[in-house]
Structures are given as C-alpha cells and as structure tokens.
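Hello,

I am passing on the structure we talked about, so that you can look through it yourself. Please open it below, and then read my notes alongside it.

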Amino acid sequence: MLTLQHTSDAATTQAIAALASTHGVDAIVVGLPLRMNGLEGPEARKARRFAHDLKTATNLTIVLWDERMTTMAAERELRSSGLRGPKKRAQIDQAAATLLLQSYLDANRR
C-alpha cells in the first residue's frame, strides 16, 4: 500500500491523478466524514470539494463513502495486533483507509 504525504489539496489531487492514470484506475473512493447523526459538517464539505477536484483532474468516477467509525475500528484492530504508541499512530490513517475501501467493496460485491 502506498501512502501519500499531504502537502496541499492541489498537490495531492495531482499525485492521485497520476497514480490513477499509471495504474488504470476506473474509480476513486473518497471518505466522507459524516457526523454520528449522519449530518455533514465542515469536514464533509471539504471532502466533497476534494472529490470534485479529483473528478475534474481525472474524469473518473468518484465515490463518496461514509467513513464514520473507520478510525475507531482501525485503532481497535491495531491495538489488538499489539501495536502501541508511535507505531500505532503512524498506521491508523492507513488502516482506516483500508477499512473504508473494504467496506465499499463489500457493499458493492456482485
């Protein structure tokens, strides 16, 4: 798994667009950070803007997927595997992204 270092939205968008082109991607899943009550806050609006920028840069299908609880689930998973402290913190976002994508794939299994 590849993790991109975020420097700016524009740079991240371009890096993702380049990777998508290189690897023949036909859709990109973007986490939508809804509040626990299902409403959108500023973070969700930012995710929507980012998804729009990705669509513009790639012309690919962009899927916004509810990411509620993925970070907590990732923390539990990493804790149960024995990772603690800085090692765990460094991997939480990557594990949460993996759970998000797996959730999307499971929901769309044909």
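The notes below go through what was found, one topic at a time.

This is a predicted model, in which local features need pLDDT of at least 70 and side-chain atom pairs count only at pLDDT 80 or more, while totals for chains, interfaces and linings use all residues. Residues are numbered from 1 along each chain as its sequence is written, and side-chain values use heavy atoms, with hydrogens and water left out.

Some terms come up throughout. A residue is called buried under 20% relative accessible area, exposed over 50%, and partly exposed in between (1.4 Å probe, protein chains only). The areas themselves come from the Shrake-Rupley method with a 1.4 Å probe, and for residues only the protein chains shown count as cover. Helices (H or I, at least four residues) and strands (E, at least two) are DSSP runs, numbered from the N terminus.

Salt bridges

How many salt bridges does the structure hold? There are 3, a salt bridge being a side-chain nitrogen of Lys or Arg within 4 Å of a carboxyl oxygen of Asp or Glu.

- Glu40 pairs with Arg48, and their closest N and O atoms are 2.6 Å apart. Glu40 is partly exposed because its relative accessible area is 31%, and Arg48 is partly exposed at 38%.
- Arg68 and Asp66 meet through their side chains at 2.5 Å, N to O. Arg68 is partly exposed at 27%, and Asp66 is partly exposed at 29%.
- Asp106 and Arg109 meet at 2.8 Å, N to O. Asp106 is partly exposed with a relative accessible area of 41%, whereas Arg109, at 60%, is exposed.

The aromatic pair

A search of the whole structure finds 1 aromatic pair. Rings of Phe, Tyr and Trp (its six-membered ring) pair if their centres lie within 6.5 Å; planes under 30 degrees apart count as stacked, over 60 as edge-to-face and the rest as tilted. Here the ring centres of Trp65 and Tyr104 are 5.1 Å apart and the planes stand at 85°, so the pair is edge-to-face. The pair links distant parts of the chain, since Trp65 is in strand β2 (residues 61–66) and Tyr104 is in helix α4 (residues 85–107), 39 residues apart. Is Tyr104 buried or exposed? Tyr104 is buried, because its relative accessible area is 18%.

Surface patches

Patches are made of residues with over 30% relative accessible area and no salt bridge; like charges are joined within 9 Å, and nonpolar side chains (Val, Leu, Ile, Met, Phe, Trp, Tyr) within 5 Å. For charge, Lys and Arg count as positive and Asp and Glu as negative, while His and the chain ends are not counted. The place of a charge is taken as NZ of Lys, CZ of Arg, CG of Asp or CD of Glu.

One patch on the surface is positive, and Arg35, Arg45, Lys46 and Arg49 gather there. Arg49 sits in helix α2 (residues 42–58) and is exposed, with a relative accessible area of 51%.

A nonpolar patch on the surface is formed by Met36, Met69 and Met72, which together have about 310 Å² of accessible area. Met69 is partly exposed at 38% relative accessibility.

Positive phi values

Most residues other than glycine have a negative phi. Met69 has a positive phi near 75° and is a residue other than glycine; Met69 lies in the loop between β2 and α3. Asn59 is not a glycine either, and has a positive phi of about 60°. The place of Asn59 is the loop between α2 and β2, and Asn59 is exposed, with a relative accessible area of 63%.

Distances along the chain and in space

Which residue is 91 residues from Thr3 in sequence and 7.1 Å from Thr3 in space? That residue is Gln94, with the distance taken C-alpha to C-alpha. Thr3 lies in the segment before α1 and is exposed at 54%.

Ile16 and Glu40 are 24 residues apart along the chain, and their C-alpha atoms are separated by 24 Å. Ile16 belongs to helix α1 (residues 9–23) and is buried, with a relative accessible area of 19%.

Regards
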